[in-house]
Amino acid sequence: MGFDQYHEPPEELSAETRTFARMCASLTEEAEAIGWYEQRLAIEPDAEARAIMSDAQGEEFKHFAMDLEFLLRRTPRWRQICAGVLFKDGDIVEHGEVAEAASEDGGSDGDSTGAADGSLGIGSLKGEER
Ligand SMILES: [Fe+2]
């Protein structure tokens, strides 16, 4: 049994932090599996095999989503930033920068599409080096 998900001595970590680390490792594994199925599907010529692989990849999408939701429920800032980035049209990087800045400002509306002052917060990012 591997303990690679820990970067600090596990005995010094709380049970909550160990669970969080396990779920982060699980999220990574689900993403890897999604990528592996994508590669297999790209080259598999047999339609029946492809159907099974596609079904299996769907399972991995579900697993990834459940892991992510678990982690976001336990990590308000991460959730806030995701709320500002996910399922939105437009510039992904811009949404990310705005959401991150809003989270640093202690934004609390759970949807970091806007800055604390109600603006989009874009102006505050112009000229900033990160
Ligand atoms: Fe899975």
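Helices are DSSP runs of H or I of at least four residues, numbered from the N terminus. On that basis, the predicted model reads α-α-α-α along the sequence. The protein has four helices and zero strands. Of its 130 residues, 25% count as buried. Among contacts between residues at least 6 apart in sequence, 46% join residues at least 24 apart.

Helix α1 covers residues 15-43. At 1.5 Å a residue, the 29 residues of α1 should span 42 Å. The end C-alpha atoms of α1 are 42 Å apart, which agrees. The buried residues of α1 are Ala21, Met23, Ser26, Leu27, Glu30, Ala33, Ile34, Tyr37 and Leu41. These buried residues pack against two helices, α2 and α3. An α-helix has 3.6 residues a turn, so residues three or four places apart point the same way. The buried list includes Ser26, Glu30, Ala33, Tyr37 and Leu41.

The helix pairs were then examined in turn. Two packed helices are described by the angle between their axes and the distance between the axes. Helix α2 spans residues 47-74. The axes of α1 and α2 come within 9 Å and cross at roughly 155°. An angle over 145 degrees counts as roughly antiparallel. The two helices, α1 and α2, are therefore roughly antiparallel to each other. Their crossing, that of α1 and α2, is left-handed. The residues of this contact divide into 17 nonpolar, five polar and six charged.

Helix α3 spans residues 76-85. The axes of α2 and α3 come within 5 Å and cross at roughly 120°. Helices α2 and α3 are therefore oblique to each other. On the α2 side, the contact is made by Leu68, Glu69, Leu71, Leu72, Arg73 and Arg74. On the α3 side, Pro76, Trp78, Arg79 and Cys82 take part. By class, the contact of α2 with α3 has six nonpolar and four charged residues, and no polar ones.

The last pair is α3 with α4. Helix α4 consists of residues 92-104. The axes of α3 and α4 come within 8 Å and cross at roughly 145°. The crossing of α3 and α4 is right-handed. Helix α3 contributes Arg77, Gln80, Ile81, Gly84 and Val85 to the contact. Helix α4 contributes Ile92, His95, Gly96, Ala99, Glu100, Ala102, Ser103 and Glu104. This contact of α3 with α4 has five nonpolar, five polar and three charged residues.

Two individual residues were also examined. Glu97 is found in helix α4. With a relative accessible area of 27%, Glu97 is partly exposed. This class lies between the cut-offs of 20% for buried and 50% for exposed. The C-alpha atoms of Glu97 and Gly84 are separated by 9.2 Å. Along the chain, Glu97 and Gly84 are 13 residues apart. Gly84 is among the α3 residues in the contact with α4.

Phe87 lies in the loop between α3 and α4. Phe87 has a positive phi of about 60°, although it is not a glycine. At 85% relative accessibility, Phe87 counts as exposed.

Key. Residues are numbered from 1 along each chain as its sequence is written. This is a predicted model: local features need pLDDT of at least 70, side-chain atom pairs count only at pLDDT 80 or more; totals for chains, interfaces and linings use all residues. Side-chain values use heavy atoms; hydrogens and water are left out. Axes are lines fitted to C-alpha atoms, for helices over the stretch in contact, and angles run from 0 to 180 degrees between N-to-C directions. Angles under 35 degrees count as roughly parallel, over 145 as roughly antiparallel, 65 to 115 as roughly perpendicular and the rest as oblique. A crossing is left-handed if the near helix is turned anticlockwise from the far one by less than a right angle, and right-handed if clockwise. Ala, Val, Leu, Ile, Met, Phe, Trp, Tyr, Cys and Pro count as nonpolar, Asp, Glu, Lys and Arg as charged, and the others, Gly among them, as polar. The expected span of a helix is 1.5 Å times one less than its number of residues. Buried means under 20% relative accessible area, exposed over 50%, partly exposed in between (1.4 Å probe, protein chains only). Contact means heavy atoms within 4.5 Å.
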